[in-house]
Amino acid sequence: MTTAEIAAPAKKVRATDHRSASRWLMAATIVILCLWVLVPIYLILVNTLSSPDQVTSWPRQFFPSFDLGSLTFFANYQGVAYALLNSVIVALMTMIFSIGLGAPAGYALARFDFPGKNIFRVIVLMTRAFPLPLLALPLAIMFIQIGLDDTRFGLALVHTMLAMPFAILITASLFMGIPYELEEAAWTLGCNRLTAFVKVVLPLVMPGIAASAVFAFVISWNEVFAAAVLTIQNRTLTAFLLTSLNESPLYLKFAGGAVLVIPALFFLFAVRKYLFAMWGIANR
Amino acid sequence: MAEIKVTGVEKRFASFTALHSIDLTVKDQEFLVLLGASGCGKTTLLRLIAGLDFATEGDIQIGGKRVNELPPRSREIAMVFQNYAVFPHLTVFNNIGFGLRMKKMPADQIKQKVEKAAEMMHIEQLLDRYSGQLSGGQRQRVAVARALAMEPEVLLMDEPLSNLDALLRMEMRAELKGVLQESKTTTIYVTHDQVEAMSMADRIAVMHGGHIIQAASPIDVYRDPSSRFVGSFIGNPPMNFLPAKKTNGHWTAAGVPFEGPSVDRETIEFAIRPEDMDLAETGLSGRVKVVEPLGAHQLVTMEMDGHLFRAVLESDLKIGSGETLTLAPKPDRIRWFDLESEHALQ
């Protein structure tokens, strides 16, 4: 009897121990994952905002001196401006193509029952399963054959392929969020399918479409492998930095890194709630 | 002037038939209620008439014009949806004026018609709001005003009050009836609420399993159900049924002989509404199981001849459970049903 009395609370203590242990594990994992992402970004920022001398000096600095020397050097570096222009143009084209093609596909997924709908959904995701290096060589050969190599348009096509699955899935979930009754009501009030879409559905999904367009832009902006393989003269900023990495000084790499990372971070932060929507997590 | 004529309409989905060869005529300016439990096909029929779905077979005519292949916008209809379907990105004014704008009506005319419709539904003060700033009842009013502003030949309403709370529903019921009477529009109104159907309809079409079982005035549907289903579906509490056997030219139910129809059957069904009986010396007797006082009346549930039997009696009668009651049905209120076909017998 006495042993039982003692054992019972002991068991309880162990149970709380177990719970708090798993909570600690959880917290530790979150902290490690956050540091994993944030520390490199922080170091890039520190070094970007330090003068070229400080970047190469020892001991390392952990606080920026807010010297714009590295950034000015980067901005004036031969070829940077052109690469930046290429990046923006390719990303804009990717954005237009992937929304132009992806949004109708998303609408179809959300609104219509057609044979092979589930298979289509899987195939859309499957396109992301092929590693780009595997596709790069055949793609490069094909592009040379049809004359698309080293063009912004050709690169935008490849980036569209990368961005489109997300565009389709995000827009599908957006359209699913719009009650079908609203469209039906518009039909009874004198609209056909197209005018109902333009006057009722589009205004309601516009913020989400804009978000998924920004996401497509970021995917293209960040993509480096295809850009490096498929272009020579018309390099995007990522590809340009990759190839000039060996011959360029350290502070240039940091400045280039920052210029690439910051816009992407801002964009993704702005559209984050729509990206959750893609996976069906209600966050609105 | 718009009469709706539905002939031989059938709707099949991949694996099941939602509507079996429906024939229905709704007269000009009539208020017809489609009444039935969920899944009976009433909303499907409404959507076929609206043009939101298309019939597998049969014809639909509105105002003498065959509309089978016409899209909703060409059918001269307006519809009120169960979830209101008020456009969230437009103000109340623009919601009500949406259809008029699609018709390319001049702005001053739109303004006038929107204001008139808003006035009818008492929402003049809400014209600048968005649907997110409205309560359920107000949204409902907007949806109805939007349909009325179109001045349609036919108004279709799909359970418009089912999302409102009980008190508001009663209020809106009376108000809608008034507004619709005034507008003189042919109306088809879908509901599963028999009180709504009884109180609003010129005519009720009771639906069950994809068939229209009976289409008649509310009082006829109540008093003279054409089948056992209608009798048991309409009325709260529902009709009582007892098996009746043929004995010496009479029908005997629960040991009591009644005059009944002359049909060549051994057993048919005796039916009586709970309120159509009085306490008496002789008649149907049963043992009281439960007594529920309802204020004006009391609902007495009895066991009679092995069947549940309900009676609605004056509330000042003292009745306790376990007692034996004897009830005399009013002779002109007794109805008979065939056991097999479940049709009413004369």
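How much area do chain A and chain B bury between them? In this predicted model, the two chains bury about 1,700 Å², and 73% of that area is on carbon and sulfur atoms; buried area is the accessible area (1.4 Å probe) that two parts lose on being put together, summed over both. Residues are numbered from 1 along each chain as its sequence is written, and chains are lettered from A and ligands numbered from 1 in the order in which they are written. Because the model is predicted, local features need pLDDT of at least 70 and side-chain atom pairs count only at pLDDT 80 or more, while totals for chains, interfaces and linings use all residues; side-chain values use heavy atoms, with hydrogens and water left out.

**Interface between chain A and chain B**

- On the side of chain A, A:E181, A:T188 and A:L189 lose the most area to chain B, together 41% of what that side buries.
- Contact joins 16 residues of chain A with 20 residues of chain B, where contact means heavy atoms within 4.5 Å.
- There is 1 salt bridge between the chains, a salt bridge being a side-chain nitrogen of Lys or Arg within 4 Å of a carboxyl oxygen of Asp or Glu.
- A salt bridge links A:E184 and B:R47, whose closest N and O atoms are 2.5 Å apart.
- Helix 8 (180-188) and helix 9 (193-222) of chain A each supply at least two residues of the side that touches chain B; helices (H or I, at least four residues) and strands (E, at least two) are DSSP runs, numbered from the N terminus.
- With 7 residues, helix 8 of chain A gives the most to that side.

**Mixed sheet of chain B**

- In chain B, 6 strands form an open sheet with mixed pairing, in the order 6-7-8-3-9-10; two strands pair if DSSP finds at least two bridges between them.
- Strand 6 (77-80) and strand 10 (211-216) of chain B are the edge strands, each pairing on one side only.
- Strand 3 (residues 31-35) and strand 8 (residues 186-191) of chain B pair in the parallel sense over 5 bridges, and B:L34 stands opposite B:V190 of strand 8.
- Strand 9 (residues 203-208) and strand 10 of chain B are antiparallel, with 5 bridges, and B:V206 has B:Q214 as its bridge partner in strand 10.
- The hairpin of strands 9 and 10 of chain B has 2 residues between the strands, and B:G209 there takes a positive phi near 55°.

**Antiparallel sheet of chain B**

- A further open sheet of 6 strands in chain B has the order 13-12-11-14-19-20, and its pairing is antiparallel.
- Strand 13 (256-258) and strand 20 (344-345) of chain B each have a single partner strand, so one side of each is left without a neighbour in the sheet.
- Strand 12 (residues 250-253) and strand 13 of chain B pair over 3 bridges, with B:A253 opposite B:V256.

**Backbone features of chain B**

- The peptide bond from B:N236 to B:P237 is cis, with omega near 0°.
- B:P237 is placed in the loop between helix 8 (228-233) and strand 11 (240-247) of chain B.
- B:E76, a residue other than glycine, has a positive phi near 60°.
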